[in-house]
Amino acid sequence: MKTSIVNARVRAFGVAASVAAMVLGACAAPPPGDDGAKKVYFFLPNTTTTRFMERDEPLFTDFLELFAPKATVTVRNAEGDPGRQQSQVESAIADGASVLVLISADARFSGGALTAAADANVPVVLYDHDAVGGPAEVQVIFDPLEVGRRQGSRAADLIAAMPGDGLKIARVQGNLGEYGTRQFQLGQNEYLQPLIDSGKIRVVCETTIDDWDPAEGQAFADECLTRENNDIDLFVTMNDDLAGGIVAALAGRGLAGRIPVTGGQDANLAALQLIAQGSLDNTIFKNLSDQAKVAAQLTTSILHGDGVPEDMINGTIDNQYMAVPTVFLPVQNITKDNLHVVVNSGFYTWQQICAPDPASTVCREHD
């Protein structure tokens, strides 16, 4: 891929839009180094969380080509199987991998892959998902506790506008084994637990969904609606794909837009379209180009033998083996009232967001 094409693509995703100066201010392009014959492997966790294939993979690949143009990137997808991912890691090591960039398929079963890499002296950069039970050089993640807080705060605002007590809430959470899921729940509970304790709300349906599978989320929402005779006041979830599954369940009953769904995350195009249509209340915007850029810069620094720059680290994550140095990135809540933030960042156009329903109120305002 020619550099001009790479530059055009990363600019289209708003490369410099949103990351705090304390993180990206330290991230000037890495100095030139010897990238020849260096092999980087980028491991995807599944096919159900669509952002990783559709956006993270091409963004990371493009940024690494900018910073380490002679290095090669090989992408592998575990398709939700942690055993498959460990085999992929072992194959990459046998192939002479220089750095592994890992989005774990399931944090609970990632120790073997981390140990195999450590035994072979191959550095691991953890991308977004945590991985427990073994060493890693660094992790790059959007602050999951803050994500949960913003989701919980938004849900609390919606609940406050509803009259009466004992409101019936359904909670659909993500993959049980992930640090992110636990942090999202903690953040949400800062706002929801007091409402539960006061009797304002009752959680009548609750589950965790393996691999964040939207089809499973839809099936659970259908079961919940059937059990409660469609009498649910609010669905609270944790990412866009699960939110889309819940909206699909509601749409099948003619209830989309009538029972609110909140707790989206990732600002996927489909979620933004649902927000514009009024079927989904919110999503958490995470500038994925920022995450890919930071991960590519860390990877390049490691490839050049310079390790992890200390001035990029702003926290740690305990992965049950070590305190992994971490780059926490900021997030922003998006509703129909500030969809323009995503448009202005270059991720999507109003034409794309409004394609399914140009007549919606939000879209008419931006026609």
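**Overall fold and selected local sites of the predicted chain**

Of the 367 residues in the protein chain, 55% are buried, where buried stands for under 20% relative accessible area, exposed for over 50%, and partly exposed for values in between, with a 1.4 Å probe and protein chains only. The model is a predicted one, in which local features need pLDDT of at least 70 and side-chain atom pairs count only at pLDDT 80 or more, while totals for chains, interfaces and linings use all residues. Residues are numbered from 1 along each chain as its sequence is written, and side-chain values use heavy atoms, leaving out hydrogens and water.

The protein chain contains 14 helices and 13 strands; these are DSSP runs numbered from the N terminus, with helices being H or I of at least four residues and strands being E of at least two. Its radius of gyration is 21 Å, close to the 21 Å given by the globule rule for 367 residues, so the chain is as compact as a globular protein of that length. Here the radius is taken over C-alpha atoms, and the rule is 2.2 Å times the number of residues to the power 0.38. Along the principal axes, the C-alpha atoms fill a box of roughly 65 × 45 × 35 Å.

Contacts, meaning heavy atoms within 4.5 Å, were also examined along the sequence. Among contacts in the protein chain with a separation of 6 or more, 76% join residues 24 or more positions apart. The chain exposes about 14,400 Å², and carbon and sulfur atoms supply 48% of that area; accessible areas come from the Shrake-Rupley method with a 1.4 Å probe, and for residues only the protein chains shown count as cover. The chain carries 26 positive and 46 negative charges, whose mean positions are 4 Å apart. In this count Lys and Arg are positive and Asp and Glu negative, with His and the chain ends not counted, and each charge is placed at NZ of Lys, CZ of Arg, CG of Asp or CD of Glu.

Helix 9 is mostly covered, with nine of its twelve residues buried. The buried residues include Asp 240, Asp 241, Ile 246, Ala 249 and Leu 250.

Beyond four places in sequence, Leu 225 touches Asn 230, Ile 232, Phe 235, Ala 249, Leu 250, Arg 253 and Ile 259. Its C-alpha atom is separated by 9.3 Å from that of Ala 170, 55 residues apart along the chain.

Asn 230, one of the contacts of Leu 225, lies in the loop between helix 8 (214-227) and strand 8 (234-236). At 31% relative accessibility, Asn 230 counts as partly exposed. Most residues other than glycine have a negative phi. Asn 230, though not a glycine, has a positive phi of about 65°. Asp 128 also has a positive phi, near 70°, and it lies in the loop between strand 4 and strand 5. Asp 128 counts as buried because its relative accessibility is 10%.

The loop between strand 4 (124-127) and strand 5 (138-142) also holds Pro 135, which is partly exposed at 23% relative accessibility. Not counting residues up to four places away, Pro 135 touches Leu 114, Ala 118, Tyr 321 and Met 322.

Gly 80 lies between strand 2 (72-77) and helix 4 (82-94) and counts as buried at 18% relative accessibility. With residues up to four places away set aside, Gly 80 touches Pro 45, Asn 46, Ala 105 and Asp 211. Pro 358, in the loop between helix 13 (350-354) and helix 14 (361-365), is exposed, with a relative accessible area of 54%. Leaving aside neighbours within four places, Pro 358 is in contact with Cys 363 and Arg 364.
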